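Please find below a colleague's note on the model under discussion. The sequence and structure come before the comments.

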Amino acid sequence: MKHSSNKKEKSMLPQRKKIVVLCPGNQVTGGPELLHQLVNALIGLGRDAKICYYPTDQEFKCPTSYLKYEAPQVKASEAAGAIVILPEVATKLVRQFKNSDIAIWWLSVDNYFEFTKKSFARDVYKRAKSLYRGRVPLFRMKKFHHLAQSEYARVFLNSKGIKADMLTDYLNDAHMNLRDVQPREDVILYNPKKGIRYTRRLQLAMPEFKFVPLSNMTSNEISDWCNRAKVYIDFGHHPGKDRMPREAVIAGCCLITGRQGAANFEEDIFIPKTYKIDEYSARFELDSSEVINKIFENFDVTTLDFNAYRERIRREKSVFMHQVKNIFH
């Protein structure tokens, strides 16, 4: 599904202030890495940029994995008068920075609402609970600057009358070198933290094939599986441009997703529609198994369908750097 992007506009963020990027402490996932990457990029542009870990009343050290980004650390008390950038899940912290310019970086849409997508009643409850805990409601956020990591987030914000600058992300260099392992195996990789009910349905429909959950593994073990398997599936919600599907694709896997969230936007997941299966269809198992069997039987041909997406992934860093320069320089 194709959606039109917003036209480029010059960001209204102040251009000479110091910048403080808020990041959850002691977390090593895609979001925190991206926050460190932003600080690194800003410093490269000559900006005074630092990372601030939260909860702000605790002491944190930079995770070893992110030391390479050389992001200086600062305390929240030193952020007065700065541009303060925080992920959408941390909007309750804006009250600590009353004398700062606030920018909300939407790394996710669903995580802002704490949606589970498992039941409507549960999601309504979690949404009300998150508001009670201090999350800033959307109608009060129009006074802030907004950045969108995905087209899904940009379109969502636009529907609420909020304009956002695109500030996407990129995979670190460790994932960019393809090791061509032949022959690849008829193995289906998946993230057990996402869309597990759909994965279980496929496991029941395709018991003859091996499904490997990418959990409780080192980064090297995950990389090894991505270089061995033919298929990576990612059903369920896509709250933003997730990294693991891109890591699998750049390693040589074929990708099959659903159509929820960012997966429904070709700007975010640039794969042919054939590989995007409707999870709500009565033909879900049949359609998925047909595509998987086609990949297994003709991998040398079907893998070419993902070359355009691989090339786009390779360009993501240069796109990100251009966006940072356009917004902050």
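1. Basis of the note. The model is predicted, so local features need pLDDT of at least 70 and side-chain atom pairs count only at pLDDT 80 or more, while totals for chains, interfaces and linings use all residues. Residues are numbered from 1 along each chain as its sequence is written, and side-chain values use heavy atoms, with hydrogens and water left out.

2. Helix α1. This helix covers residues 30-44; helices are DSSP runs (H or I, at least four residues) and strands likewise (E, at least two), numbered from the N terminus. From first C-alpha to last, the 15 residues of α1 reach 21 Å, close to the 21 Å expected at 1.5 Å a residue; the expected span is 1.5 Å times one less than the number of residues. After α1 comes G46, with a positive phi near 90°.

3. Burial of α1. The buried residues of α1 include P32, L35, H36, V39 and L42; buried means under 20% relative accessible area, exposed over 50%, and partly exposed in between (1.4 Å probe, protein chains only). Their cover includes strands β1 (19-24), β2 (49-54), β3 (83-87) and β4 (101-106), together with helices α7 (243-250) and α10 (307-328).

4. H36. This residue of helix α1 is buried, with a relative accessible area of 0%. Its side chain makes a polar contact with the side chain of Y53 at 2.8 Å; such a contact is a pair of N or O atoms within 3.5 Å, where within protein one must be able to donate a hydrogen and the other to accept it, and residues adjacent in sequence count only if both atoms are side-chain atoms. Neighbours within four places in sequence aside, H36 is in contact (heavy atoms within 4.5 Å) with residues including C23, I51, C62 and Y66.

5. Nonpolar cores. The largest core has 42 residues, of which L189, I233 and I256 touch the most other members; a nonpolar core is a set of buried Ala, Val, Leu, Ile, Met, Phe, Trp, Tyr and Cys residues joined through side-chain atoms within 4.5 Å. Helix α8 (residues 284-297) gives the most to this core, with 5 residues. Another core, of 33 residues, lies apart from it and has F97 and L138 among its members.

6. Helix α8. Its buried residues, among them F284, V291 and I295, fall within an arc of 165° seen down the axis, so they line one face of the helix; the arc is that of the directions from the helix axis to the C-beta atoms. These residues pack against β7 (185-190), α5 (196-205), β9 (229-234), β10 (254-257) and α9 (299-302).
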